[in-house]
Amino acid sequence: MPKKPTKASGYSPKTVEIVKATCLYVATKLGDFVDELAIVGGLAPSLLVPQTTLPAGAEPHVGTMDLDLGLAVALLKEERYRTLSERLRRAGFSPDTNEEGNPTRQRWKIEETGTKVTVDFLISPMSPGDVGGKIRDLEKDFAAVITPGLHLAFQDRSREKLSGKTITGEMASREVWACGPGAYVVLKTLAFGSRGENKDAYDLFYVIRNYGRSVEDVAERLTPLLKDPDAKKAVEILKRDFTHIESLGPRRVAEFLGVDRGISETGGYGAAYGAAYGGTDAESALRADVVGFVGQLLQRIGV
């Protein structure tokens, strides 16, 4: 599987529509599992922030190249994952392969009309020895990535409606659970803390800046989670990496959006800041906004 782009210019509206169509297709095949699945990762922001009624000054989310599905722990305890994996096989999904050509049990693919889309499966740690990023085998060819904080996506979640054509061309409409904004802040912050990806910093900033009416709405969803150890760790990472204009977080948001040298490679915030400020001032303005919005969030939750 090719590496994910480090800049917004590597994403296209067509790609995110294909991922949404795949998500809708999965929802039609796993309807009775809907309460035990949560959409996380790069698709969640475009579901949490309605793309047709964006806040003033906001641009559409750049999208994602794959679908991340969180699995509830109950699926393991009740061994319902066997039914889930069999449904996926019958629907045309199969394990993907890595760059060496070996099967990836935690990432499955579907190929329709010449287009390949992948689905990554995630699951919460279940014992003290579980390490984030490691693979938990569920079956011989079906596994999930151990993801700290994932359990919060089942505590703070948002029911969203998907309508349109599935990846197979069928017209459909289904409701799915997306990771809520509070849990999303925790998950993306933890992800950034462990791998430092530009896209993680951007996704995090996008939701904090654009969800609901203001940062207050994000804080309202995050506050009930703050007693959780994973949420506490996420807050510490936000303080460490997002509260100074020269910190990793703001710099990597600017790099992702193509304003690290005052030039936007795509539409969106990069273009807006470039037009308003130009040159290195555009980068500074964007970084200051990242620090400002994260600072507001931390203030609202009492940090």
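Trainee: Which residues line the largest cavity?

Mentor: Cys23, Val26, Ala27, Leu30, Val34, Leu37, Ala38, Ile39, Leu69, Val176 and Trp177. This is a predicted model: local features need pLDDT of at least 70, side-chain atom pairs count only at pLDDT 80 or more, and totals for chains, interfaces and linings use all residues. Residues are numbered from 1 along each chain as its sequence is written, and side-chain values use heavy atoms, without hydrogens and water.

Trainee: What makes a space a cavity, and what makes it a pocket?

Mentor: On a 1 Å grid over the protein atoms alone, a 1.4 Å probe fits in a cavity but cannot get out; a pocket is an open set with protein on both sides within 12 Å along at least five of seven lines. Lining residues have an atom within 4 Å of a point. The largest cavity holds about 110 Å³; the largest pocket, about 1200 Å³. Volume here is the space filled by probe spheres set on the points, with grid points joined across faces, edges and corners.

Trainee: How do the residues of the cavity lining divide?

Mentor: Into 11 nonpolar, no polar and no charged. Ala, Val, Leu, Ile, Met, Phe, Trp, Tyr, Cys and Pro count as nonpolar, Asp, Glu, Lys and Arg as charged, and the others, Gly among them, as polar. The lining of the largest pocket has 16 nonpolar, 10 polar and 15 charged.

Trainee: Why are α5 and α7 called roughly perpendicular?

Mentor: Their angle is about 80°. Angles of 65 to 115 degrees count as roughly perpendicular, under 35 as roughly parallel, over 145 as roughly antiparallel, and the rest as oblique. So α5 and α7 are roughly perpendicular.

Conventions
Axes fitted to C-alpha atoms, helices over the stretch in contact; angles between N-to-C directions. Helix = DSSP H or I, 4+ residues; strand = E, 2+ residues; numbered from the N terminus.
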